[in-house]
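Please read the following points alongside the sequence and the model.

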Amino acid sequence: MNDKQLVALQAAKYVKNGMLVGLGTGSTANYFIEELARCQAEEGLKITTVASSTISAQKAQSLHLPIIALEHISSIDLYVDGADEITPEMTLLKGRGSDLVKEKLLAKAATQFIAVADESKLVSNIGQNFSIPIEVIPFAWQLTKRSLEVIGGQGDLRPNAAKDGFWVTSHGSYVLDMKFDKNLNAKTLNDLINNTPGVVEHGIFYGLTNAVFIAANGVVSERWA
Ligand code: 5RP
């Protein structure tokens with residue numbers, strides 16, 4: 001069993017009968033979804049799920065997990081998702097894909113949000129390994145980019161896979177992948193980007209995580225806020 005699978009299985013131990021469970025997106029979240037399906041089939045676990053992306057919804061459906069649409073919920077019991085970076089303060093960077101709007105909504109709506117990852121995701125500062133993905137309203141991208149440059153951002157629109165246009169998220173936004181001054185802490189950066197008109201959502205998950213589970217060389221460690 002690899003570390004991503006191991007940490008996903010540990011998070012699944014916190015899923016109890018009757019819960020409404022948010023499903024994250026990515027390879028680690030996929031292991032969590034598979035484990036829920038196994039528990040349902042083999043141990044009679046009774047849960048309802050809500051997905052953070054079309055791909056996770058499809059996976060849950062293919063494994064016969066009961067699933068409801070985000071439109072029909074106002075809170076959930078537990079959300080489990082991976083991350084691209086995790087700081088010692090449990091701030092996350094997410095959104096390498098196209099689904100950070102739903103991911104952040106579920107993280108905020110959850111009574112408990114557990115981030116799961118292997119140790120490769122641990123960083124000292126947010127933005128250490130990746131640019132910050134910032135979803136912007138398409139018609140406002142130039143104005144928004146300028147505002148972000150004024151606060152020290154450097155970067156550009158994410159190209160599409162064919163490199164002949166721009167990437168469009170599942171929410172219909174463009175993505176600015178931006179680097180900022182390393183001395184800006186996560187809270188300041190989070191506040192500054194939140195305050196920028198034209199920003200739909202961004203990949204810094206500040207103050208949302210209740211626990212971080214990390215697997216390293218076959219051993220899982222839990223850290224609770
Ligand atoms: C998607 C995410 C993923 O959770 C993140 O990219 C981690 O993916 P993986 O579990 O495949 O390493 O934030 O928006």
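1. A polar contact is a pair of N or O atoms within 3.5 Å. An oxygen atom of the ligand is 2.7 Å from an N or O atom in the side chain of K94, while polar side-chain atoms of T28 and of K121 each lie 2.6 Å from a ligand oxygen atom. The protein covers 94% of the 380 Å² of accessible area (Shrake-Rupley method, 1.4 Å probe) that the ligand has on its own.

2. This is a predicted model, in which local features need pLDDT of at least 70 and side-chain atom pairs count only at pLDDT 80 or more, whereas totals for chains, interfaces and linings use all residues. Residues are numbered from 1 along each chain, and side-chain values use heavy atoms, without hydrogens and water.

3. Around the ligand there are 15 residues (a heavy atom within 4 Å), of which S27, T28, D84, K94 and K121 come nearest. By class, this shell holds one nonpolar, seven polar (Gly counted among them) and seven charged residues (Asp, Glu, Lys and Arg).

4. The whole structure has six aromatic pairs (ring centres within 6.5 Å). W141 belongs to helix 5 (residues 141-150), and F166 to the loop between strand 8 (154-157) and strand 9 (174-179), 25 residues apart.

Definitions and conventions:
A polar contact is a pair of N or O atoms within 3.5 Å; within protein, one must be able to donate a hydrogen and the other to accept it, and residues adjacent in sequence count only if both atoms are side-chain atoms. Rings of Phe, Tyr and Trp (its six-membered ring) pair if their centres lie within 6.5 Å; planes under 30 degrees apart count as stacked, over 60 as edge-to-face and the rest as tilted. Helices (H or I, at least four residues) and strands (E, at least two) are DSSP runs, numbered from the N terminus.
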